[in-house]
Amino acid sequence: MSLLEGSVEVGDMVLLEPLNEKSLLKNLEKRFQNKEIYTYIGNVVISVNPYQQLPIFGPEFIEKYKEYNFYELKPHIYALANQAYQSLKDHDRDQCVIISGESGSGKTEASKLVMSYVAAVCEKGEQVNSVKEQLLQSNPVLEAFGNAKTIRNNNSSRFGKYMDIEFDFKGSPLGGVITNYLLEKSRVVKHIKGERNFHIFYQLLAGADAQLLKALRLEQDGSSYSYLNFEVSRVDGMDDAANFRAVQNAMNIIGFSTEEIQKILEVIAIVLKLGNVELGDEFQANGVAGSTIHDGKVIKEISDLMGLQAEMLERALCSRTMETNKEKVVTNLNKIQACYARDALAKNIYSRLFNWIVNRINENIKVNDSTKKKVMGVLDIYGFEILENNSFEQFVINYCNEKLQQVFIEMTLKEEQEEYKKEGIPWDNIEYFDNRIICNLIEHNQQGILAMLDEECLRPGMVSDSTFLAKLNQMFSKHNYYESRVTQNAQHQHDPSLGLSCFRILHYAGKVTYNVNGFMDKNNDLLFRDLSQALWSSKHSLLRALFPEGDPKHASLKRPPTAGTQFKNSIATLMKNLYSKNPNYIRCIKPNEHQQQSVFSSELVGNQARYLGLLENVRVRRAGYAYRQVYKSFLERYRMLSQATWPQWRGQDREGIEKILGELSLGSGEFAFGRTKIFIRSPKTLFYLEEKRRIRIHQLAILIQKMYRGWRCRTNYQLMRKSQILISAWFRGNTQKKLYGRIKASTLLIQAFVRGWKTRKEYRKYFRSGAALQLANFIYRRMAQKFLLDLSKNLPSKVINYKWPPPPYKTFTLVNQELKIIFHHWKCKKYRDQLSPQKKEALKEKLCASELFKDKKASYPQSVPMPFRGDYVMLREKPKLQQTAANGPVLMAETVNKVNRANGKMVPRILLLTKSHMILADTKGSKVKTVIGLENVSGVSVSSFKNGLFGLHLTEISSVGTKGDFLLVSEHVIELLTKLYQATLDKMKKQLPITVTEEFTMKFKEGKMSVRVIQSQNSNEGNQVSCKKKGSDKLEVFAQ
Ligand SMILES: Nc1ncnc2c1ncn2[C@@H]1O[C@H](COP(=O)(O)OP(=O)(O)O)[C@@H](O)[C@H]1O
Ligand SMILES: [Mg+2]
């Protein structure tokens, strides 16, 4: 039903609304401009010649159309071919495809499309392929011999062709029969300007090699042959040489032998050369005009090719033997008669050759077995012709088309009528033009034009074309479809376009004026017996076979049937043949006269549409109901329009449709229910249904999409969910299993350890393994015990005894060291604990002395064992001195020497040191000489030698200090200075600076004086110190 969808305008003109000639043409034109060259009228295909290659043919398209029914795809010849083939195969109905149309409208191309479609879809197999190949290859051969360039068509078929293809029950082609009709043989000797002779002549000259040409006694140059129109020896887009090879190849495939091909070419050469036989007048002795052949060379060559004596041929061409029952009379032909005879010979040879070729092809492709076969006929026959000058040929061609129109009307009408009857729908009569009356006018057995032509040809006496016309005028003076000057005159009409020697027939397709000149000759189709006899006697086997009537044994005086009768009979046979089959129509239309693409002449197409009766065709088809469809398909297509029938309808198809249409509330007259089909009255209703369907399908598509998406998501989700559950189950199981395994292994390990431990513990006592450790412990303890006991016996008794027994074993070295330190500390502590406070005090002083002088002063070591007595002057016995120091206990009392600063002489003095003062007193009277507050002592300088000299530095601001520092010598200088240091520390909380040096500076009232202590070498002097003044400010002291 794709012709209802997405097509330009309407694909089926049955659906045209409104229906008239204008809309019909508009529809065709619009479709044509959109390259939609095919349009249906029901099941008739209208084909408009595109004059360009369209991309709608070829194997893919054949595949597509094979799959679908007639209305499911765009209109196409393939759809028609498919329907015919399927119907032939499945319903066992013989088919015929009737292709009609003007010359150049595309009939032959259409017939090739049908054949190639059938060849492509039917069964494959080696034998089938060879049959198919033979059937297809018959085309180029027939086209070479039967086609020619005309003004309208570069490859116009000049014969009618009907081809029966026969199939077996499976639909495989078995073979075929070709019937040809009325080859336009006049073309052999004459054609109008701008046209050509049959292709084969040009192909032979262009394609044959030199050797072949020589053998055929031909020259390549076409202009030397008078039968060939050298003006248009070439046709655009046609390669004669290549086609010649293709023809030879095709003949080989069909089964022509090399010899046969050679013979055929020889005959072609003979025909060609016959045209060059020049005839001239020759007056005989009796004065009667005769004829003669000018150029003996040509006639010689022809005779050579024929295998005939030149004289015999010449005689046959120039004379005629009249024969009655009793005698033979030979008369000479004049030049005109001889030329006529020559041309008649050429035409006859050619047309007989053509028939012979067709028969020869049939011999090869015919099916030999006699079982019942299925047949598909393809009729490609010349279309209706209206030329400027119409003659006998046009007359018979148009007669043929009248007959075909009749088949068409009868078959479509009959079909339509039968369908209504079959479906039980009342049939209203349809007005249409029935052309039976015209057919009768031509073919009636006694009163038909053809019959009268025959009669006139056979009638003895003076007969001519004009006597024939007079007879017609008389016969059809009242006939509605016949006109001539005479009949017009009778009706007082005047039409100058109608010539005197013309008659006119009002064909269904239009008025055609025929000129009667030549009608009789052409109908007689006379070939003088001399010629046929001559040719029969030739040695050329093919020529002989072409002229069987030349055989004297078969010679009869009976005339052969006239051309008109022959044609009428063959048409009658054809009609019978067509009526017995299911017809399929392809109506070809020529869009313009100039073979141009995309040019659409409305006038020209209108004419053709008119005489093809397209409008009537649509009307017939639409009579009553425009559209019909079997219930099943209709329901299938529209069932979505009702809730009741969608998605499933379980009842009868018809009831379902009633439901749908009922819901749509269409007018009841809009449709009718037949037995198997639903009929719809107007296209509008169908379009309404289509529109509804389109909208509904859109909704349904969304619904289906929705459902499908939902379903897809749901199933996907469920699958995912199931998988997830499975995965987690496995995962959990696996984790637990692993954990359990680990716990189990650990438990076993712990168990094993515990058990082992318990058992070892239990059994340890029974084993010697512990003994070594115990022994070692024991020995080690013993060793330590012994070491400690020995040590205790050898401990040093005194604190200062540093001897310590060495360790008996290396292991004890460290502990021995530690013990030694600990013991020493302990011993020291013990010693300290038993000391009295006085002793402690004395030792503190000794410690202080050590800190001050150890390693600094040479007299220090001697002072160490000496206890610090403090009182070296017997103070208890000198109360005066005690009084001097009444303000505190005397820390030190000693007689010291004071060095006089003026001369360095020494003066003894008693020195008392209390907690706050240092007092210097006279030795004799104990008179206090100087009292120095300890706060005024700023420091002490002392030498490092053994002597007891020391400098007492006073602060400058003190009152005593004003006199200056003191240089003193003490026997117990260590003790004295230690005690002075401590007293100063106790009282002032400050450390007294005691400097050990050999040179120091004394400050006096008079100024400074530097003191230098020099160690005297003289050891005898004992503790003696001697000072020598050096200048006013230097003093040298010599001492040990
Ligand atoms: N379907 C087609 N596609 C393309 N060109 C076409 C088609 N049908 C016909 N023709 C052209 O028109 C020319 C005449 O077609 P043809 O079948 O010989 O016409 P007819 O047999 O009716 O005289 C062809 O030679 C070709 O060029
Ligand atoms: Mg043709």
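This is a predicted model: local features need pLDDT of at least 70, side-chain atom pairs count only at pLDDT 80 or more; totals for chains, interfaces and linings use all residues.
Close-up 1. Buried or exposed, what are Thr108 and Ser157? Both residues are buried.

**Close-up 2. Inside the largest nonpolar core.** This core has 204 residues, and among those with the most contacts inside it are Leu28, Phe145, Ile349 and Phe503. Which helix gives the core its largest share? That's helix 12 (residues 335-365), with 15 residues. Now zoom in on Ile349: leaving aside residues up to four places away in sequence, Ile349 touches Val267, Ile270, Val271, Leu274, Met306, Leu535, Leu543, Leu546 and Phe547. Elsewhere there is a second, separate core of 32 residues, which includes Leu913, Leu952, Leu977 and Leu980.

Close-up 3. Helix 32 (residues 973-988) has 16 residues and reaches 22 Å from its first C-alpha to its last, close to the 22 Å expected at 1.5 Å a residue. Its buried residues include Val973, Ile974, Leu976 and Tyr981. Leu977 and Leu980 are buried too, and they belong to the second core from the previous view. Just after the helix, Lys989 takes a positive phi of about 55 degrees.

**Close-up 4. A buried lysine with no salt bridge.** Lys827 lies in helix 28 (residues 813-833). Lys827 is buried yet makes no salt bridge, and the nearest side chain of opposite charge, Asp833, is 12 Å away. So what does Lys827 touch, not counting residues up to four places away in sequence? Look for Pro796, Ser797, Lys798 and Val799.

**Close-up 5. Two cis peptide bonds.** One cis bond joins Glu17 and Pro18, with omega about -5 degrees. Pro18 is in the segment before helix 1 (21-33). Another cis bond runs from Trp646 to Pro647, with omega near 0 degrees, and Pro647 is in the loop between helix 24 (631-638) and helix 25 (653-664).

**Close-up 6. Positive phi in two loops.** Arg217 isn't a glycine, but its phi is positive, near 55 degrees. You'll find Arg217 in the loop between helix 7 (210-215) and helix 8 (240-254), and at 33% relative accessibility it counts as partly exposed. Asp855 has a positive phi as well, near 65 degrees. Its place is the loop between helix 29 (837-853) and helix 30 (860-863). Asp855 counts as exposed because its relative accessibility is 73%.

Methods
Residues are numbered from 1 along each chain as its sequence is written. Chains are lettered from A and ligands numbered from 1 in the order in which they are written. Side-chain values use heavy atoms; hydrogens and water are left out. Helices (H or I, at least four residues) and strands (E, at least two) are DSSP runs, numbered from the N terminus. The expected span of a helix is 1.5 Å times one less than its number of residues. Buried means under 20% relative accessible area, exposed over 50%, partly exposed in between (1.4 Å probe, protein chains only). A nonpolar core is a set of buried Ala, Val, Leu, Ile, Met, Phe, Trp, Tyr and Cys residues joined through side-chain atoms within 4.5 Å. Contact means heavy atoms within 4.5 Å. Lys and Arg count as positive and Asp and Glu as negative; His and the chain ends are not counted. A salt bridge is a side-chain nitrogen of Lys or Arg within 4 Å of a carboxyl oxygen of Asp or Glu.
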